[in-house]
Amino acid sequence: MSGIAHDRRQLLIATSAAGAVAAAATAVPFVASLTPSERAKAAGAPVEADVSRLLPGEMMTIEWRGKPVWILRRTAEMLAGLADHEDRLADPDSTRSLQPGYTVNRQRSVEEAYLVVIGICTHLGCSPSEKLQAGAASGLGEDWPGGFLCPCHGSIFDLAGRVFRNQPAPTNLEIPPHRWLSAGTLVIGEDGEAAG
């Protein structure tokens, strides 16, 4: 009888161990499925952008919350030209636009050389095209100051993302919250005391 009891005990231990391994093998993927994916975390989390290699006049695009964010390093000429056409803008002081308070200025930026803007037209959500060159080279006429053209319905924006008058877009391009982590690194998606 002791041999049978011993065999039952070993069978019970072996079955319990196999059940525990099976439960763990099932639980690990289940628990892992409850945590957000890396893509989901990146979609809503702040993202860093290395702008240290961006030359004056160049623009880069990063993704934040599934939207394109443009970072344009403006030249001295681009910055100087921002004052020349304010009488043609719908909201030159950005009083009706979505942007953090620390970017309510002519340049719409923390560091004046860098424009950080969401590259989505405020009319119907198309992505405007770069028309950064001023004048006839842009294809938009001699008096074009440089900026962006929405190909869907023709809204035009200057090099600070400000919309011109009588355009389908009701407001300037949106400025996301952002701050400088260091001289060459921007954090998009968070702001605060470190901004500027």
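Good morning. Arginine R74 touches G57, L79, L82, Q107, S109, E112, A113, Y114, L115, L159 and A160, leaving out residues up to four places away in sequence; contact here means heavy atoms within 4.5 Å. The model is predicted, so local features need pLDDT of at least 70 and side-chain atom pairs count only at pLDDT 80 or more, while totals for chains, interfaces and linings use all residues. Residues are numbered from 1 along each chain as its sequence is written, and side-chain values use heavy atoms, with hydrogens and water left out.

Where does R74 lie? Its place is in the loop between β3 (67-73) and α3 (76-81). Helices (H or I, at least four residues) and strands (E, at least two) are DSSP runs, numbered from the N terminus. R74 is buried but has no salt bridge, and D158, the nearest side chain of opposite charge, is 6.7 Å away. Buried means under 20% relative accessible area, exposed over 50%, and partly exposed in between, with a 1.4 Å probe and protein chains only. A salt bridge requires a side-chain nitrogen of Lys or Arg within 4 Å of a carboxyl oxygen of Asp or Glu. As for charge, Lys and Arg count as positive and Asp and Glu as negative; His and the chain ends are not counted. A polar atom of the R74 side chain does lie 3.0 Å from the backbone oxygen of Q107.

I turn to the cysteines. The whole structure holds one disulfide, a disulfide being a pair of cysteine sulfur atoms within 2.5 Å. C126 and C152 form it, with their sulfur atoms 2.0 Å apart. The pair links distant parts of the chain, 26 residues apart: C126 is in the loop between β4 (114-118) and β5 (129-131), and C152 in the loop between β6 (147-149) and β7 (156-158). C126 is buried, at 17% relative accessible area, whereas C152 is partly exposed, at 39%.

What of C121? C121 is in no disulfide, and the nearest cysteine sulfur, that of C150, is 3.9 Å away. C121 counts as buried at 5% relative accessibility, and C150 does so at 4%.

Finally, the nonpolar cores. Such a core is a set of buried Ala, Val, Leu, Ile, Met, Phe, Trp, Tyr and Cys residues joined through side-chain atoms within 4.5 Å. The largest has 20 residues, of which L72, F148 and F157 touch the most other members. β3, α3 and β4 are the elements that give two or more residues to this core. Apart from it lies another core of 14 residues, including V51, W64, V69 and I71. Thank you.

Notes:
A polar contact is a pair of N or O atoms within 3.5 Å; within protein, one must be able to donate a hydrogen and the other to accept it, and residues adjacent in sequence count only if both atoms are side-chain atoms.
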